[in-house]
Amino acid sequence: MKKTSKDKKFILTFGYGNRSSYDDLLGYANEFHVDLLIDVREKPRAWSRKWYGDQIQKFCDKQGIEYLSETTLGNTSGTSHWVSPKPDKAKQVLQDIARKAESKTVLLLCAEMDHHKCHRVDVAKKLKELIHQPIKHLR
C-alpha cells in the first residue's frame with residue numbers, strides 16, 4: 001500500500017513571533033495533520049494574550065489537537081542553546097513525549113519565529129534521537 005502525506009509523521013517546529021492570528025499555525029496543522037502540539041516555553045505567556053498557553057489550548061481543542069505545555073523543555077540560557085530549567089525532569093518528559101509521539105505528528109511551539117535563534121531546534125534533535133522522525137522547521 002502506498003503511503004500518503006497524511007501517513008508521514010514529522011517533528012515540526014514553529015515559532016509564532018509577532019503573528020497576531022493563528023492562521024499560519026492552523027494552515028500547518030492541517031497540512032501536516034498535527035496530532036500533538038507541545039508548548040516548549042518555560043513560561044507559556046506572550047506579548048499577546050492570544051499566545052498564552054490557555055488560549056493555545058482552546059485553539060487546539062477546537063482543532064482536535066492534543067496540547068501539552070512542557071515548561072521543563074523551556075530554555076534558561078538566554079541563547080539558542082537549550083538549557084532546561086530542570087534537566088533531569090526534561091529527560092523524562094522527552095521519554096514520555098516519545099512514547100506518545102511514535103504514531104503522531106508532533107509540533108514544538110515556541111515564541112521565536114526564526115528557528116536558527118531558538119532552543120526548539122535542540123529539543124527537536126533530542127526528540128528525534130528517540131523517535132527517529134524527520135524534523136521540519138516551519139516559518
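Two strands are taken to pair if DSSP finds at least two bridges between them. In the predicted model described here, β2 and β3 run parallel and are joined by 4 bridges. Within this pairing, leucine 37 has tyrosine 67 of β3 as its bridge partner. The two strands belong to an open sheet of 5 strands, in the order β3-β2-β4-β1-β5 and with parallel pairing. The edges of the sheet are formed by β3 (66-69) and β5, each of which pairs on one side only. From one strand to the next, the twist averages 20 degrees.

Lysine 136 counts as partly exposed because its relative accessibility is 34%. Apart from neighbours within four places in sequence, lysine 136 is in contact with Phe10, Ile11, Leu12, Thr13 and Phe32. The C-alpha atom of lysine 136 is separated by 21 Å from that of valine 93, a residue 43 positions away along the chain.

Aromatic side chains were examined next. The count comes to 5 aromatic pairs. One of these joins tyrosine 16 and tryptophan 51, which are stacked with 4.4 Å centre to centre and 5 degrees between the planes. This pair links distant parts of the chain, 35 residues apart: tyrosine 16 lies in the loop between β1 (11-15) and α1 (23-32), and tryptophan 51 in the loop between β2 (36-39) and α2 (53-63). Both partners lie below the 20% limit for burial; tyrosine 16 counts as buried because its relative accessibility is 2%, and tryptophan 51 counts as buried at 0%.

Tryptophan 51 also forms an aromatic pair with tyrosine 22, in this case edge-to-face, with 5.1 Å centre to centre and 85 degrees between the planes. Because tyrosine 22 lies in the loop between β1 and α1 and tryptophan 51 in the loop between β2 and α2, the pair ties together parts that are 29 residues apart in sequence. Tyrosine 22 is buried, with a relative accessible area of 13%. The ring of tyrosine 22 additionally has the charged end of lysine 50 over it, at 4.3 Å from the ring centre. Tyr16, Tyr22 and Trp51, together with Phe59, form one aromatic cluster.

Technical notes:
Residues are numbered from 1 along each chain as its sequence is written. This is a predicted model: local features need pLDDT of at least 70, side-chain atom pairs count only at pLDDT 80 or more; totals for chains, interfaces and linings use all residues. Side-chain values use heavy atoms; hydrogens and water are left out. Rings of Phe, Tyr and Trp (its six-membered ring) pair if their centres lie within 6.5 Å; planes under 30 degrees apart count as stacked, over 60 as edge-to-face and the rest as tilted. Buried means under 20% relative accessible area, exposed over 50%, partly exposed in between (1.4 Å probe, protein chains only). A charge sits over a ring if NZ of Lys or CZ of Arg is within 6 Å of the ring centre and within 35 degrees of the ring normal. Contact means heavy atoms within 4.5 Å. Axes are lines fitted to C-alpha atoms, for helices over the stretch in contact, and angles run from 0 to 180 degrees between N-to-C directions.
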